[in-house]
Amino acid sequence: MKQIYENLAVMTNGDSILINEIPICDITAFTATIIDAVDKGQRVSSFFGAKTDNADSTALYVILADDESNRLNVGKTIISGTEFPSITPHCPQVHLFEREIAEQFGIIPIGHPWFKPVRYCHSWTGMDAWNRNKNEPILPAVGDFYRIEGEQIHEVAVGPVHAGVIEPGHYRFQCHGEQVFHLEIALGFQHRGVEKAMETGPDSRSLHFMETLAGDTTIGHSISYCQIYEAFSHTQKPVRAQALRGIALELERLANHVGDLGALSGDVGFLPTSSFCGRLRGEFLNLTAYLCGNRFGRGFILPGGVGFDIDQQDVGEILHRIGICNKEITDAINLLWDNQSVMARFTDTGPISEDFAIEMGLVGPVARASGIMRDVRYTHPNGIFRFSQIPVSIYESGDVLGRAYVRWMEIQKSISFIINQLKTLPKGDVLVLPEKLNPLSLSIALNEGWRGEICHVALTDENGSFARYKIVDPSFHNWQGLAQALRNQEISDFPLCNKSFNLSYCGHDL
């Protein structure tokens, strides 16, 4: 495979390589390569630290996605000491990654424009980038917030406890009357230490961690973990299992997209679609339960394939049910587009420009609603999506309407995909047992979850156990997009904008 940058190793989605095949360059060349690659259209899928054999140094890895050529480029540098020059001023996509590296390893990105913790936890190395006392508890959202001073400027603080059923997160609005000048979001209330707990695995807990990492994305994160496992062990999963995984992934997308469109309807007081979608979301969850006995898909995805098969009678039953759902969801959603008051509230609310989405590396329906062709099923296909691709759904308005309409287009395409897969389901086994994991290797798995790109990267030690397991939920890329969407909006638009993103708190907090 052609290598464009001599400082980067070239891989594809679901591939693995030996760690010593990744070029090591100094921080200057490392930084210049990232900036140049992003300037030329690549984007940062992951950027993380890892321990080295030397306690005084930290390895930094970057995963750059080249969407046009279906390639992933891997770079590495070694940081000696406790600081490195921040890349953020030249490449804003890494701003949160650098704060995360500082929090986990205690090394400081010098020159970072807004240097704060990400999840408000103690570092893994004993070094603290903010010189906090290791014996003192670290409380989420306690610290400085960006403030705007001026006559009639006021601050509105919301959360972490919210009205309704919602996860904890803290929001600080800088407002002039009803107009929002700036929003800062603080998370970390649900930090569970999942990445650290994955080290020394895989073991009996590893898959459970993935299934519960973000409960509404069980299938997406489980498939990503299993791809890592299969890449390290060179396991070729059966084609029937790949098709069933694809069906499960699209059922997960359907349940959440339908739920989101119902919630958006509820936020603007349009109750017919809200009520219909509330019920129909349950119908799609029940289809996942039909596959494996669990509405969120727990227990279905296993390393080497899937844990449950279906027979021809099951295929007929699922086709029957999804045919009914297809008609009902079409009727329910079309009520939205035919209602002028709904369209008036959705249109021009919370816009995200294409330039901002590209600059910040936004992913998923949020990016596609701003006109960006970014979908792992198309740009970095793996599994069944190598043989049966789903057309990418794009809208260009970048506002709430765009984010809602992308969901509607994806609902239609996911239903068509599932029907097609069921009618052409390959024969054969659904599970093979993987062998032992390769030692001293790196593997990458990307999947298009319903929120967007899910990226898992793992490193193995000399025994084939996980030495580092890095997870990037799509929410990690997109929280800054939500903050941007509120600029110059009325603060009363926040619930609608927030719902149109519907980001994962626990998926971010890990």
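Where does Thr200 lie? Thr200 sits in the loop between H3 and H4. Helices (H or I, at least four residues) and strands (E, at least two) are DSSP runs, numbered from the N terminus. This is a predicted model: local features need pLDDT of at least 70, side-chain atom pairs count only at pLDDT 80 or more, and totals for chains, interfaces and linings use all residues. Residues are numbered from 1 along each chain as its sequence is written, and side-chain values use heavy atoms, with hydrogens and water left out.

Start with the backbone at Thr200. Its phi is near 75°, a positive value in a residue other than glycine. Thr200 counts as exposed, at 59% relative accessibility. Here buried means under 20% relative accessible area, exposed over 50%, and partly exposed in between (1.4 Å probe, protein chains only). The loop between helix H3 (194-198) and helix H4 (206-212) also holds Pro202. A cis peptide bond joins Gly201 and Pro202, with omega about 5°.

Another cis peptide bond runs from Gly159 to Pro160, with omega near 20°. Pro160 lies in the loop between strand S9 (153-158) and strand S10 (170-176). Leu510 is not a glycine, yet has a positive phi of about 50°. Leu510 is found in the segment after helix H16 (505-509). Leu510 is buried, with a relative accessible area of 3%.

Now the charged pairs. A salt bridge is a side-chain nitrogen of Lys or Arg within 4 Å of a carboxyl oxygen of Asp or Glu. The whole structure has 30 salt bridges. One of them pairs Asp67 with Arg374, with the closest N and O atoms 3.8 Å apart. This pair links distant parts of the chain, 307 residues apart. Asp67 is in the loop between strand S5 (57-66) and strand S6 (71-80), and Arg374 is in the loop between helix H11 (364-368) and helix H12 (376-379). Asp67 is buried, with a relative accessible area of 12%. Arg374 is buried too, at 8%.

Asp493 forms a salt bridge with Arg345, the closest N and O atoms being 3.2 Å apart. This pair also links distant parts of the chain, 148 residues apart. Asp493 is in the loop between helix H14 (474-485) and helix H15 (494-501), while Arg345 is in helix H9 (residues 340-346). Asp493 is buried, with a relative accessible area of 10%. Arg345 is partly exposed, at 32% relative accessibility. Elsewhere, salt bridges that share partners join Glu250, Arg253, Arg368, Asp375, Arg377, Glu410 and Glu448 into one network.

Six of the eight residues of H15 are buried, so the helix is largely enclosed by the rest of the structure. The buried residues are Phe494, Leu496, Cys497, Asn498, Ser500 and Phe501. Asn502 follows H15 and has a positive phi, near 45°.

What does H15 pack against? Two packed helices are described by the angle between their axes and the distance between the axes. Axes are lines fitted to C-alpha atoms, for helices over the stretch in contact, and angles run from 0 to 180 degrees between N-to-C directions. The axes of helix H6 (residues 239-267) and H15 come within 9 Å and cross at roughly 175°. H6 is therefore roughly antiparallel to H15. Angles under 35 degrees count as roughly parallel, over 145 as roughly antiparallel, 65 to 115 as roughly perpendicular and the rest as oblique. Asp260, Ala263, Leu264 and Asp267 of H6 meet Pro495, Leu496, Lys499 and Ser500 of H15. Within H7, Arg279 and Glu283 lie four residues apart, about one turn of the helix. They form a salt bridge, with the closest N and O atoms 3.8 Å apart. Arg279 is partly exposed at 40%, and Glu283 is partly exposed at 29%. The axes of H7 and helix H8 (residues 312-337) come within 10 Å and cross at roughly 160°. H7 and H8 are therefore roughly antiparallel to each other. Arg279 and Glu283 are among the H7 residues that make this contact.

Methods: Contact = heavy atoms within 4.5 Å.
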